[in-house]
Amino acid sequence: MARSTSSRTTRPTTGSVNPAPARAAVVGGNRIPFGKAGGAYASASNLDMLTAALDGLIARFTLQGVRIGDVSAGAVLKHSRDFNLTREAVLGTALDPHTPAYDVQRACATSMEAVWGLANKIALGQIDSGIAGGVDSTSDAPIVVSDRLRRTLVKLSRAKTLQQRVTLLAGLRPKDLAPVAPSVNEPRTGLSMGEHQALTAAQFGTSREAQDEIALASHHQLAAAWESGFFDDLVTPFRGLTRDEALRPDTSAEKLATLRTVFGKGEGATMTAGNSTPLSDGAATVLLASDAWAAERGLPVLAHVVDAEAAAVDFVRGGEGLLMGGAYAVPRLLARQGLTLDDFAFVEIHEAFAATVLTTIAAWEDDAETRARVGVPGPGTLDRSRLNVVGSSLAAGHPFAATGARIVATLATLLARRKAELGTDEPVRGLISVCAAGGQAVAMILEA
């Protein structure tokens with residue numbers, strides 16, 4: 001039997017109720033380098049990649065044989081065989097096999113949701129440690145077959161005689177054998193995320209040049225971070241990949257300007273493969289804990305989870321941009337905490353597309369529109385020097401469910417380093433905004 005070293009945080013059993021819940025600590029993170037679709041991880045499954053990311057986290061924080069309070073992770077593109085993906089991944093690691101685990105899914109904000117849920121459990125004293133994560137493979141995407149073929153295959157599995165099987169197979173037609181191509185188009189509109197974002201970019205008048213500038217900064221800043229060793233404590237190699245496969249350190253404004261547009265129509269189209277996130281494979285994890293649990297093991301506390309907010313827009317009937325959920329989630333979150341964008345040392349906006357970043361910022365800066373639509377003040381003007389300072393999804397890639405965990409671990413590391421540099425007792429805060437399919441978004445505040 002594996003050694004179990006988990007312990008529950010001691011909490012009062014008599015007297016008054018605790019005045020305020022504790023905040024969950026972000027101890028650290030681990031991911032594998034993100035791969036390009038059809039690239040280094042073409043033969044890797046979601047289970048392979050999530051297990052690898054967990055193994056790296058376990059090794060980094062010496063969690064072998066430890067029973068973690070709970071593990072929450074998920075995938076957006078998921079085979080039916082992965083019905084219990086996270087628990088199966090845990091069983092493939094050196095964690096105590098008594099560690100429970102469950103799957104969660106909120107599209108591209110999946111691992112943000114996992115962090116949020118576990119942080120709340122820790123804050124309430126229900127668990128003292130948790131691992132949040134996400135994984136996705138666009139190379140190993142599940143293939144859907146026609147309804148007629150699927151029903152026939154189910155009946156074949158139940159057929160008891162050769163004659164029954166022959167009769168069932170004889171009922172199929174050639175067109176029934178054609179697979180349904182994988183798609184992440186929005187079911188209610190039939191449009192891809194890129195097509196939706198192109199409509200929003202046109203609505204906001206977002207220029208091609210401004211989008212290419214965001215993309216260029218993402219690649220150069222991510223490359224600089226890799227060179228500086230920033231990711232040495234956040235990434236473990238996998239299947240021969242040691243850095244993010246989509247990263248192009250040598251890209252330039254001139255090269256980006258030569259790319260043809262791939263989303264939008266006519267002369268007004270502005271979105272290219274260079275300022276849009278590539279389809280990606282990868283996995284990321286985050287270790288969360290109570291301060292006491294971390295202290296007992298001599299583990300660092302990089303930052304704490306302060307608060308989070310989810311939002312959704314009516315992109316089907318309301319004329320709102322599919323990926324503009326952050327324009328609602330962030331103002332609500334900051335209004336609840338009495339903060340503005342000036343109160344944050346770092347701001348992470350998921351670069352689903354460069355245009356998503358720009359339109360989200362523009363929406364935040366429109367105080368009158370925010371008050372009218374959201375009912376709270378606008379969060380203010382963003383100092384761009386605080387935005388995605390070590391690059392983001394345009395350069396790293398975007399395995400849908402893994403992105404939130406990547407960002408949380410990155411931001412917590414940035415906050416801890418800035419806090420140490422300043423040598424201050426004052427809080428150093430970071431803000432995250434991650435858009436998601438279905439018109440959703442999750443925003444989160446971390447604080448060191």
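First, the ground rules. Since the model is predicted, local features need pLDDT of at least 70 and side-chain atom pairs count only at pLDDT 80 or more, while totals for chains, interfaces and linings use all residues. Residues are numbered from 1 along each chain as its sequence is written, and side-chain values use heavy atoms, with hydrogens and water left out.

I start with strand β11, residues 429–436. Helices (H or I, at least four residues) and strands (E, at least two) are DSSP runs, numbered from the N terminus. In β11, 8 of the 8 residues are buried, so the strand is largely enclosed by the rest of the structure. Buried means under 20% relative accessible area, exposed means over 50%, and partly exposed is in between, with a 1.4 Å probe and protein chains only. Arg429, Leu431, Ser433 and Cys435 point one way from β11, and Gly430, Ile432, Val434 and Ala436 point the other way. In a regular strand the side chains alternate between the two faces of the sheet.

What does β11 pair with? Two strands pair if DSSP finds at least two bridges between them. Strand β10, residues 346–349, pairs with β11 in the parallel sense over 4 bridges, and phenylalanine 346 stands opposite glycine 430. Strand β12, residues 440–447, pairs with β11 in the antiparallel sense over 8 bridges; here cysteine 435 stands opposite alanine 441. β11 and β12 form a hairpin with 3 residues between them, and glycine 438 in the turn has a positive phi of about 80°.

Next, the core. A nonpolar core is a set of buried Ala, Val, Leu, Ile, Met, Phe, Trp, Tyr and Cys residues joined through side-chain atoms within 4.5 Å. The largest one has 100 residues, and those with the most contacts inside it include Val408, Leu431 and Ile432. Helix α14 gives the most to this core, with 8 residues. Contact means heavy atoms within 4.5 Å. Leaving aside neighbours within four places in sequence, isoleucine 432 is in contact with residues including Met112, Val408 and Met444. Another core, of 33 residues, lies apart from this one and has Tyr41, Val66, Ala73 and Ile131 among its members.

Now two helix pairs. Axes are lines fitted to C-alpha atoms, for helices over the stretch in contact, and angles run from 0 to 180 degrees between N-to-C directions. Angles under 35 degrees count as roughly parallel, over 145 as roughly antiparallel, 65 to 115 as roughly perpendicular and the rest as oblique.

The axes of α3 (residues 110–123) and α14 (residues 403–422) come within 5 Å and cross at roughly 60°. That makes α3 oblique to α14. Ser111, Met112 and Val115 in α3 meet Thr403, Gly404, Ala405 and Val408 in α14.

For α4 (residues 147–158) and α5 (residues 162–170), the axes come within 9 Å and cross at roughly 175°. These two are therefore roughly antiparallel to each other. Thr152, Lys155 and Leu156 in α4 meet Arg165, Leu168 and Leu169 in α5.

Is glutamine 197 buried or exposed? Glutamine 197 sits in helix α6, residues 193–204, and is buried, with a relative accessible area of 1%. Not counting residues up to four places away in sequence, glutamine 197 touches Met271, Leu323, Phe353, Ala355, Thr356 and Thr359.
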